[in-house]
Amino acid sequence: MKRRDAIRAGGSIVASATLAGCLDTLGFQTQSAWRDPPLPSNRPDAVYYPAIVEEMGMYGMKEVPAEGVTFALMFSYPHRFWTVTGSNKQRVVVNSDDSLHLMASLWDTESQTVLPVDISLEVLNDGESVTQRSLWPMLSQTMGFHYGDNFSLPDEGQYTARLSVGPVQARRTGSFESRFENSMETEIDFEFDTTNTYNLDLRRLGTKSGERGAVEPTMEEMPAGRTPMESALPGEIIGAASSGDATFVISYIETASRFGDQSYLAVSPRTPYNRIMLPLMSLSATVVRDGSTVFDDILTETLDPVFGDHYGGTVGQLQSGDTVTVTVDAPPQMSRHDGYETAFFDMPPIEVTV
Amino acid sequence: MSDSQRWLSKRDFMRVAVAIGGTSALSACLERTETPDLPRGTDDPSSLPPRQHAWNQFLERDDHGNVKQPRHHVLLYVDYTGDTPTESERETVEAAFTSLERAYQRGFQGLLFTVGYSPYYFERAFDSGPGGVDLPTPEALAPFEDPTPDDPDAVVHLASDYAQVVLAAEEALKGNRGTVNEVEVTGFGEVFEVRDRRTGFIGDGLPAENQDVQGIPDDEPVPEDAPLFMGFKSGFEKNQAPEERVTIQDGPFADGTTQHISRIRLHLDQWYDQDSRSQRVGKMFCPAHAEQDAVEGPGDNLGNDSQLGSCPAHTEEDARTSGMVGHAQKVARAEDGERPVILRRDFDTTDGDAAGVHFVSLQQSIADFAATRQAMNGTDVAENSAVGTRTNNGILQYLTVKRRGNYLIPPRQYRSLPAPNPA
Ligand code: HEM
């Protein structure tokens with residue numbers, strides 16, 4: 001208990017000195033600007049350009065060959081974000097002792113499909129645990145879909161990040177059917193150097209900020225969790241519509257062995273502009289034919305090598321004139337960074353006619 | 001008195017003393033506080049209940065009739081040093097236990113204890129599992145955990161409201177003291193070798209006083225009146241299995257019970273710094289409790305029941321529409337009729353200078369625990385809804401199970417190095 005206090009006391013002097021210095025160079029005058037920077041006054045209930053976008057740094061990528069997956073660990077400044085439970089969001093401001101924002105991602109190495117599975121991160125120093133937690137699933141404009149949180153580290157120096165996941169809980173189809181069933185773990189070493197962290201580029205978007213739109217994800221070495229382009233989706237596209245500013249592409253597959261040789265409805269929701277996946281939603285669908293309901297059930301979150309992360313159900317043969325309604329029972333339960341925190345909450349049903 | 005002792009409050013000091021253990025902690029403990037004048041125990045073992053785990057009648061109850069767990073705990077992990085137990089070894093062990101029963105009255109103001117034996121003990125000593133009881137070796141109980149199995153031969157659980165008592169009892173068992181509470185005692189001698197000790201506490205104020213550890217934010221967020229680190233009261237009368245329900249009904253170990261002990265690490269930075277009170281209530285109990293703001297402070301207003309009502313039946317629906325499910329709501333799905341099938345005797349710990357829980361649970365069979373834990377995993381719920389493996393899935397996000405162990409707590413008459421078929 002006391003040893004840790006000593007380390008902490010020492011560490012926080014270094015960190016706060018560096019932080020204060022860096023805030024000045026960035027033009028932030030006050031601690032509160034850093035904690036909870038001002039939001040554009042005219043935020044729409046939609047995806048918008050934030051006031052500031054920050055660059056990310058890469059601490060490392062590591063393949064787990066036996067599982068055919070790759071983990072990555074990235075860093076940036078401590079960030080404000082919003083956690084989501086149901087339709088409620090809770091603003092999380094930067095804490096005075098937060099040192100940095102750590103982000104992790106996991107993908108199928110070959111197809112570059114990002115896996116929606118909660119990632120736990122334990123930070124070790126000399127083999128001793130410094131902190132451990134389960135990261136929030138997150139959406140940000142520069143990173144796309146990832147997992148992350150703000151962390152307080154006792155000091156600058158050498159650390160090891162132990163990243164671990166359980167099996168992917170979404171249903172899996174096709175060549176993914178027997179994949180991602182095991183717990184997986186890897187370790188990535190990194191050096192926490194405040195100069196590195198606070199030298200990351202920071203861009204003000206000026207008059208654009210608050211306008212509808214999004215910047216492109218910036219990480220080049222790794223996938224941002226994009227869904228396929230509409231034209232690349234298999235089956236017959238029976239509609240694409242927007243709800244809560246998310247785009248829902250609805251595709252119908254007459255028959256495919258990986259969906260049990262049955263007629264399959266695939267709903268692929270994505271962010272506007274960048275087509276980022278939207279996992280952790282509850283969706284359901286109805287099919288109405290000549291005034292009577294022929295299908296009414298939940299759609300199951302499914303990870304497919306071609307569709308990627310989507311929501312699907314076996315609906316029976318659709319006929320021309322059928323009305324398909326997709327209902328959002330719960331919006332995506334992902335934490336959001338600036339620019340995504342007002343979108344994807346109020347999501348009315350989507351109706352398309354075959 | 002040293003400087004480091006001066007700034008410790010009395011309660012804090014007692015907890016630290018239990019955590020440090022040993023004769024020096026004990027003497028520091030005795031020196032600092034007046035030795036309570038505790039009643040002696042009994043010379044007549046037959047006056048004690050046949051069930052080791054019959055504790056409730058010796059525990060205090062709060063205003064609502066909820067059993068209050070003793071405030072201080074030690075789990076003593078021991079290995080049997082011989083090959084196959086002999087009568088004389090049994091007598092040594094039994095003498096140690098009966099001498100403790102002579103020294104302290106059974107109860108929260110005296111001493112409560114149980115001793116349980118692992119499947120490894122039965123296999124090593126007898127090449128056979130215990131008769132009539134399914135006692136599996138510990139395994140992972142969630143798809144996303146990877147606990148280390150605990151494989152000592154036996155675990156002694158010591159509990160009392162007085163830190164001095166659990167410490168003195170521990171020292172007595174280890175053979176380091178000839179008298180406790182002015183009564184002569186004997187220890188395990190060479191029969192058992194201590195391999196580990198785990199310690200902890202539960203009760204209003206203790207978590208707040210001991211929150212300066214890893215896993216809890218530095219701004220001391222644990223409320224003064226909370227009995228546990230996560231801030232809520234737990235173990236309401238109606239949400240605990242009765243002792244009778246967790247008791248083995250027949251076979252050689254009738255009147256015994258099974259014990260599961262998990263070592264859990266808590267990560268409460270997010271819980272206290274990032275979740276709102278409403279999110280905490282929703283994730284601990286159920287979304288309806290959050291919406292109705294049904295829990296005041298740690299939850300004394302709930303009385304003797306977590307008041308889940310129709311929450312458990314609505315688990316899947318809540319997951320689909322609220323994007324979140326509560327811990328209590330999920331585990332209540334494992335109830336048998338009206339009540340849970342496990343009796344929780346868990347407590348908090350700062351072992352390793354990290355916030356954690358020693359989750360001690362009693363049940364008729366280990367399968368009852370596994371079923372309850374499966375309900376807590378909510379894998380079924382997560383697969384069909386917006387709820388994640390851990391995210392918004394009760395309190396799974398805030399805990400990691402590091403170790404698991406299974407034990408058989410025999411009836412008192414067979415508590416000393418039992419054979420698979422005693423009698
Ligand atoms: C480690 C941290 C944990 C904390 C802080 C915690 C806390 C709570 C709280 C506040 C309640 C509601 C009040 C009550 O009825 O007692 C509850 C209920 C319950 N918990 Fe936990 N719990 C934890 C872990 C576990 C574990 C590991 C299990 C076992 C699988 C478990 C099993 C139960 C059961 C069976 C109930 C009663 C459900 C019913 O009403 O039927 N808990 N817990």
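Analyst: Happy to! Let's begin with the metal: a donor is an N, O or S atom within 2.8 Å of it. Please keep in mind that this is a predicted model.

User: What makes His327(B) a donor of the iron atom of the ligand?

Analyst: Its NE2 atom lies at 2.2 Å from the iron.

User: Why is the pair Arg320(B) and Asp329(A) called a salt bridge?

Analyst: Their side chains meet at 2.6 Å, N to O. The rule asks for an Arg or Lys nitrogen within 4 Å of an Asp or Glu carboxyl oxygen, so the pair qualifies. Across the interface of chain B and chain A, the rule finds 2 salt bridges, as well as 26 residue pairs in polar contact.

User: Which elements of chain B supply the side that touches chain A?

Analyst: Those giving two or more residues include helix 8 (269-273), helix 9 (277-284) and strand 12 (399-409). Helix 11 of chain B gives the largest share, 4 residues. By class, that side has 10 nonpolar, 18 polar and 13 charged residues.

User: How do you know how much area chain B and chain A bury between them?

Analyst: Buried area is the accessible area lost on putting the two together, summed over both; here that comes to about 3500 Å², 42% of it on carbon and sulfur atoms. In chain B, Gln214(B), Gln274(B) and Arg320(B) lose the most area to chain A, together 20% of what that side buries.

Key: Residues numbered from 1 in each chain as written. Chains lettered and ligands numbered in written order. Predicted model: local features only at pLDDT ≥ 70, side-chain atom pairs only at ≥ 80, totals over all residues. Heavy atoms only, no water. Buried area = accessible area lost by both parts, 1.4 Å probe. Polar contact = N/O pair within 3.5 Å; in protein donor to acceptor, adjacent residues only side chain to side chain. Nonpolar A, V, L, I, M, F, W, Y, C, P; charged D, E, K, R; others polar. Donors = N, O, S within 2.8 Å, 3.2 Å for Na, K, Ca; no water.
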